[in-house]
Amino acid sequence: MNVNKVAYLTLVVGMVISTSFLALSLALGALQPKLRQMTSLMAFVGVGVLVITPYIGVLAITVISGKNKDFKLMIMSLAVLTIMLIGLLLGFHFRRVPKG
Amino acid sequence: MELSKRLRTRYLQAQFILITVLLVLVSSRITVSNVKQNLHEQRLVRLDPVFQAKLFVMAVIAGFVGALMGIGGGIIIVPTLTSLFNLPIREAIAVSIVSVIATSISGKSTYFKQGLTNVRLAIFLETSTAIGALIGAMLVLIIPGSILYLVFSIFAFYVGVSQLYSMKTETKRLTSGEFKRVKPDAISRFLNLSGEYFDEAEGTKVEYVVKNSIAGWLVSLLAGIGSGMLGIGGGFLKVSAMNVFMSIPLKVAIATSKFMIGVTAATSAIMYYVCGVINLEAAAPTALGTATGAILGTGVMNKIRVKWLKVAFALLTFYLGYSMLRKGVLLLTGLALP
């Protein structure tokens with residue numbers, strides 16, 4: 001499997017799922033203003049999928065490069081993923097929101 | 001053919017399940033009080049559909065510029081949200097960082113199909129950017145922000161001048177195949193970082209060889225530190241690292257940076273998400289808008305002549321350089337520049 005194609009497919013799927021939820025939340029908010037909780041929930045899921053997609057992208061690159069026996073790329077992407085996860089764990093630990 | 005289709009379907013299904021599982025895992029970390037607090041904050045904002053439509057239009061512009069320049073578009077989103085839409089700065093930054101991901105992952109198909117995104121190069125440079133972001137987050141406690149603003153400002157001016165200086169030479173290099181004749185360094189050779197793409201504006205296939213990998217890696221580290229410390233996306237630094245130091249054509253640098261900024265932004269965004277500080281009603285139209293704008297931007301980027309991209313990029317870096325100089329001087333001396 002081509003790594004570029006996998007990265008592209010991963011991001012497209014993440015994008016389609018998240019934009020669907022976000023669009024649904026906006027449509028619901030405009031048409032049914034009383035369903036405020038439902039609108040927020042849709043937006044919550046949409047934003048969540050959007051935020052997680054790059055993680056899945058790097059994970060997919062790691063897995064596919066491993067399958068392709070492209071160990072140089074696998075090690076590099078694994079390093080990126082590890083650092084991202086360390087950042088996340090440190091964030092959980094210190095409970096500090098980054099500046100931006 | 002059939003097998004390949006079946007594999008692809010299974011891959012998509014597996015990915016969908018994985019996304020759902022991860023989402024559930026992350027959501028489970030969010031306490032009920034966080035969600036309640038988040039919803040309470042939203043009630044205070046009270047966004048109506050017209051307001052959301054305005055946010056959407058602003059975000060389309062930000063996404064378009066972001067996709068064209070390989071940046072996140074936060075420099076447009078944050079000031080607009082705070083000044084025009086009266087959102088608190090903390091919420092504006094949180095919404096902006098989510099939109100950066102939307103800019104990064106939208107319209108990727110165009111760049112991937114045109115061979116503009118170099119995934120190997122992106123992952124190589126992301127190793128330093130991610131480390132830099134972690135270091136930056138820790139340095140916040142040691143080094144005064146004013147010094148960093150001034151350092152980054154000097155760097156931004158240098159990059160802007162370099163872009164204008166190389167405006168004519170890059171077009172010549174594209175058409176004469178000079179990017180291919182560069183001598184690769186050991187890391188570039190070992191990791192096979194070089195690549196090729198078809199430049200639609202110049203009507204030529206461009207092959208390029210990557211050099212000065214260490215210099216590029218170090219500038220990306222700086223971009224990461226800036227990102228972690230100052231809350232800047234670092235897209236312009238990544239593009240500069242690739243174009244000015246590593247001899248990578250500007251369009252490849254922009255497309256590759258666009259891929260990278262999503263990965264960097266996700267690291268910060270997940271914390272905002274978990275802590276429940278993202279204003280969902282503002283984030284939804286902004287993310288949708290930037291996604292739309294980014295799709296439009298990626299569609300036209302490869303059709304624009306490289307010299308105009310260089311001029312636009314130089315103007316952007318001068319603007320960023322001046323903004324950082326202004327902040328640095330204000331923090332250091334209390335003097336407010338115009």
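This dialogue walks through a few features of a predicted model.

Visitor: What is the mean pLDDT of chain A, and which of its elements has the lowest value?

Guide: Where pLDDT is low, the predicted coordinates should not be read in detail. In this model the mean for chain A is 84, and 90% of its residues reach 70 or more.

Visitor: How many Å should helix H3 of chain B span, and how far apart are its end C-alpha atoms?

Guide: The check uses 1.5 Å a residue. H3(B), residues 49-69, has 21 residues and should therefore span 30 Å; the end C-alpha atoms are 30 Å apart, which agrees. Just after H3(B), Gly70(B) has a positive phi of about 75°.

Visitor: Which residues of H3(B) are buried?

Guide: An α-helix has 3.6 residues a turn, so residues three or four places apart point the same way. In H3(B) the buried residues include Gln52(B), Leu55(B), Met58(B), Ala59(B), Ala62(B), Gly63(B), Gly66(B) and Ala67(B).

Visitor: How many aromatic pairs are found over all chains?

Guide: A pair of aromatic rings is described by the distance of the centres and the angle of the planes. The search finds three pairs over all chains. One of them, Phe44(A) with Tyr273(B), is stacked, at 5.0 Å centre to centre with 20° between the planes. Phe44(A) lies in H2(A) (residues 36-67) and Tyr273(B) in H13(B) (residues 250-275), so this pair joins two chains.

Visitor: Are Phe44(A) and Tyr273(B) buried or exposed?

Guide: Phe44(A) is buried, at 17% relative accessible area. Tyr273(B) is buried too, at 3%. In another contact with a ring, Lys72(A) lies over the face of Phe190(B), 4.2 Å from the ring centre.

Visitor: How many salt bridges are there over all chains?

Guide: The count comes to four. One of them joins Asp199(B) and Lys251(B), whose closest N and O atoms are 3.0 Å apart. Asp199(B) is in strand E1(B) and Lys251(B) in helix H13(B), so the pair ties together parts 52 residues apart in sequence. Both residues are buried.

Visitor: Where do Glu200(B) and Lys303(B) lie?

Guide: Their side chains meet in a salt bridge at 3.6 Å, N to O. Glu200(B) is in the loop between E1(B) and E2(B), and Lys303(B) in the loop between H14(B) and H15(B), 103 residues apart. Glu200(B) is partly exposed at 33% relative accessibility, while Lys303(B) is exposed at 52%.

Note on methods
Residues are numbered from 1 along each chain as its sequence is written. Chains are lettered from A and ligands numbered from 1 in the order in which they are written. This is a predicted model: local features need pLDDT of at least 70, side-chain atom pairs count only at pLDDT 80 or more; totals for chains, interfaces and linings use all residues. Side-chain values use heavy atoms; hydrogens and water are left out. Helices (H or I, at least four residues) and strands (E, at least two) are DSSP runs, numbered from the N terminus. The expected span of a helix is 1.5 Å times one less than its number of residues. Buried means under 20% relative accessible area, exposed over 50%, partly exposed in between (1.4 Å probe, protein chains only). Rings of Phe, Tyr and Trp (its six-membered ring) pair if their centres lie within 6.5 Å; planes under 30 degrees apart count as stacked, over 60 as edge-to-face and the rest as tilted. A charge sits over a ring if NZ of Lys or CZ of Arg is within 6 Å of the ring centre and within 35 degrees of the ring normal. pLDDT is the predictor's confidence in each residue, from 0 to 100.
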